[in-house]
Amino acid sequence: MVQGSLESVEVDFSGVPGVLGRIVAERVADYAGAEGGLGAARPRLRRFETALRAAGLSLIAEVKRASPSQGAIAPLDPAQAALAYQAGGAAAISVLTEPRHFDGNPEALHAVVAAISLPVLRKDFVVHPAMLREAADWSASAALLMVSVLGEAVGEYLQMTHHLGLDALVEVHDEHELEIAMRAGAEIIGVNNRDLTTLHIDLAVSPHLIARARAAGFSGLLVAESGYRTPADVEVVRGLADAVLVGSSLAGSADLAQATRDLLSV
């Protein structure tokens, strides 16, 4: 049974370290006092999951105008960028809605949903049920849940996400977080090569944790995230991951559609 308010979900975010901790603290403040009710259950269409189950390695292309590690990346028009990614062969689109560090906003997500036929992931630092309700109200198909932020509470947030009809991309960075995600019943696990406390990237993280997940019997979808810039980078996880999520290298390209095609080339 999904509880409809924050009263049933006690999460202490004060221990989240580094850069991630600062962003999380800001989002906690942004949603302080927000209504936590979820409303009636909504049907699960599983559009995001279905898109990633297509044969071969699927691409989640990200509308990303800035990041803490790079600063400004490109002044993308969200709808035009998403259309270019779609033309280039992306299976789904990720849209940042965090405003301070990623230059995201709800309007970007609205514009992308209205412009394309692909499923859309709301990419943000979920710290409150209201953020999931917003994602559903804004017609996103999926939301990001970060084990590095939610810890053991990710299971309850996963239930809320599904209650709202959304798929959840449950993100992990190390073996402990992977165990939490699998124990929580995650159906789609994203492995982030970037340590969000330091912003350091290690492309060996995804292959290692994806192999661990499969060895442990995980039968859901696995997504490799962060740091992929070339077809050679992507080739390392082809045959291991079901999908790869790419943001900065695509967003900063002169021709988004061609960059998408090039990245997926075998």
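Reader: How many bridges join strand β11 to strand β12?
Author: This is a predicted model, so local features need pLDDT of at least 70 and side-chain atom pairs count only at pLDDT 80 or more, while totals for chains, interfaces and linings use all residues. Residues are numbered from 1 along each chain as its sequence is written, and side-chain values use heavy atoms, with hydrogens and water left out. Strands here are DSSP runs of E, at least two residues, and helices are runs of H or I, at least four; strands pair with at least two DSSP bridges between them. Strand β11 (residues 221-225) runs parallel to strand β12 (residues 243-246), and the number of bridges joining them is three.

Reader: Which residue in β12 stands opposite glutamate 225?
Author: Let's walk along the β11 side. Alanine 224 faces valine 244 in β12. For glutamate 225, the residue standing opposite is leucine 245.

Reader: And on the β8 side, which residue of β11 faces glycine 190?
Author: Strand β8 (residues 188-192) runs parallel to β11, with five bridges between them. Glycine 190 sits opposite valine 223.

Reader: Is β11 largely enclosed or open, and how many of its residues are buried?
Author: Both of its faces are covered: Leu221, Val223 and Glu225 are buried on one side, Leu222 and Ala224 on the other. Buried means under 20% relative accessible area, exposed over 50%, partly exposed in between, using a 1.4 Å probe. Strand β11 is largely enclosed by the rest of the structure because its buried count is five of the five.

Reader: What is the phi of aspartate 103, and what is that of serine 139?
Author: Most residues other than glycine have a negative phi. Aspartate 103 is in the loop between α4 (99-102) and α5 (106-115) and is partly exposed at 40% relative accessible area; serine 139 is in the loop between α6 (129-137) and β6 and is partly exposed at 45%. The phi values are positive: about 55 degrees for aspartate 103 and about 70 degrees for serine 139.

Reader: How far apart in space are alanine 140 and valine 95?
Author: Alanine 140 lies in the loop between α6 and β6 and counts as buried because its relative accessibility is 10%. Beyond its neighbours within four places in sequence, alanine 140 has contacts (heavy atoms within 4.5 Å) with Leu109, Val120, Arg122, Ala135 and Leu166. Valine 95 is 45 residues from alanine 140 in sequence, and their C-alpha to C-alpha distance is 9.5 Å.
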